[in-house]
Amino acid sequence: MIETRDLTKKYGDLYALDRLTLKLDKGDVFGFIGPNGAGKTTTMRILATLLNPSWGEASVCGYSIYTGSKDIRRSIGYMPDFFGVYDDMKVIEYLEFFAAAYRIKGPERRKKCEQVLELVDLGYKRDALVTSLSRGMTQRLGLARVLLHEPQVLLLDEPASGLDPRARIEMRELIKELRGMNKTIMVSSHILPELADICNKIGIIERGKLIFNNDVATAIKQVRQKHVFFVSVGKDQNELAAKKLETYPEIGSVELENDNESIKVSLRDDREDGSFVPERLIQEGFRLKSFKEEEINLENVFMSITKGITN
Ligand SMILES: Nc1ncnc2c1ncn2[C@@H]1O[C@H](COP(=O)(O)OP(=O)(O)OP(=O)(O)O)[C@@H](O)[C@H]1O
């Protein structure tokens, strides 16, 4: 659905994008993560055929960006990070304006507009002025606009930026809904956890270079080479228990955490089962208070992957 090879964009001496090679299949939701200025917008604008690369190849839905820009524009919905809305226009009029631009005609036009409004939960705002909408609603309207022509591919540039926590969650739910419609989605953010549960693939970009590109499951596995557990036998007993744990050959490291509230135990090899830890502590006569495995979320993955690469 989206394929790039050595895609590069230079501004003078600056590599805004440096040999980006990427492949997204139908139904993929690709989280494109990177700090400000990393090259995310540049990539999306090139894929949307709004910007020419300096060199390299890219195709969307099988059409080359060099020869198939018209077909690409028909097949994609591109939501830029900033977009204007027109004053003195109602929500429904705004959508009808764009539906007309997509050559959706007759009664179908109104029907399509109502449909996308419902999809983004803005039906009740159809007669409100676009300038009266909150930031979250405006973003949802922006999304509705790029869905009018039923594109197969969506390029969403920081759709949740500037939104409050509730609006962020709503935007995430909306993207999940679009994923359920089997669309191929590239969604960018500089906040990793935001994309954690909606993507099946992630790419991390830094100063124009893709420093990581994999599916989420593999990324987590890669980081989870050493299993880490938190155990507690009570604040006053934890120090003693930690000393005992240090003597077990299966354990790589033992640290007391949070003012002796818990003990962080890292296993020596990649064995996944740490259940011997509480079992032996009980055998030693300690009373177990808690035991849990460290959660590996995308944030841990990000920190681990970018350690020493970013600064
Ligand atoms: N027209 C331009 N002229 C010169 N440099 C540019 C131009 N457009 C972008 N750049 C530079 O290219 C680099 C990549 O910018 P880009 O907008 O793609 O980053 P981004 O990852 O989308 O960042 P943000 O999260 O801030 O949107 C930045 O260093 C930016 O300053």
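Q: What percentage of the residues in the chain is buried?
A: Buried residues make up 34% of the 311 in the chain. A residue is buried if 20 or more other C-beta atoms lie within 10 Å of its own, exposed if 12 or fewer, and partly exposed in between, with C-beta atoms placed from the backbone. Keep in mind that this is a predicted model: local features need pLDDT of at least 70, side-chain atom pairs count only at pLDDT 80 or more, and totals for chains, interfaces and linings use all residues. Residues are numbered from 1 along each chain as its sequence is written.

Q: Okay. How many helices and strands are there?
A: The chain has 10 helices and 14 strands. Those are DSSP runs, numbered from the N terminus: helices are H or I with at least four residues, strands are E with at least two.

Q: And how is the chain divided into domains?
A: Domain 1 covers 2-215 and domain 2 covers 225-295. These bounds come from an automatic or database domain assignment. The domain centres, taken over C-alpha atoms, are 46 Å apart.

Q: Which residues have the most contacts inside the largest nonpolar core?
A: Leu47, Leu95, Ala144, Leu155, Ile185 and Met186, in a core of 59 residues. Strand 2 gives the largest share of this core, five residues. A nonpolar core here means a set of buried Ala, Val, Leu, Ile, Met, Phe, Trp, Tyr and Cys residues joined through C-beta atoms within 7 Å. There is also a second, separate core of nine residues, which includes Val231, Val233, Ala241 and Leu281.

Q: Let's pick Ile185. What does Ile185 touch?
A: Leaving out residues up to four places away in sequence, Ile185 touches Val29, Phe30, Leu154, Leu156, Ile175, Leu178 and Arg179. Two residues are in contact if their C-beta atoms, placed from the backbone, lie within 7 Å. For the chain, 67% of the contacts with a separation of 6 or more are between residues 24 or more positions apart.

Q: Changing topic: which residues come nearest to the ligand?
A: Of the 13 residues around the ligand, the nearest are Ala16, Asn36, Lys40, Thr41 and Thr42. Strand 2 (14-24) and helix 1 (40-47) are the elements that give two or more residues to that shell. A residue is near a molecule or strand if its C-beta atom, placed from the backbone, lies within 6 Å of it.

Q: Which element gives the most to the shell?
A: Helix 1, with three residues.

Q: What classes of residue are in the shell?
A: Four are nonpolar, seven polar and two charged. Ala, Val, Leu, Ile, Met, Phe, Trp, Tyr, Cys and Pro count as nonpolar, Asp, Glu, Lys and Arg as charged, and the others, Gly among them, as polar.

Q: Now strand 13. How many bridges join strand 12 to strand 13?
A: Six, and strand 12 (residues 251-257) runs antiparallel to strand 13.

Q: What's between strand 12 and strand 13 in the hairpin?
A: Four residues, and one of them, Asn258, takes a positive phi near 45°. Asn260 is also in that loop, with a positive phi near 65°. Most residues other than glycine have a negative phi.

Q: Glu261 is in that loop too. Why does Glu261 count as partly exposed?
A: Because Glu261 has 14 C-beta neighbours inside 10 Å. Glu261 touches Ser232 and Lys235, not counting residues up to four places away in sequence.

Q: And Thr49, is it buried or exposed?
A: Thr49 counts as buried because it has 21 C-beta neighbours inside 10 Å. Thr49 is in the loop between helix 1 and strand 4, and its phi is positive, about 60°, although it is not a glycine.

Methods
Pairing = 2+ DSSP bridges.
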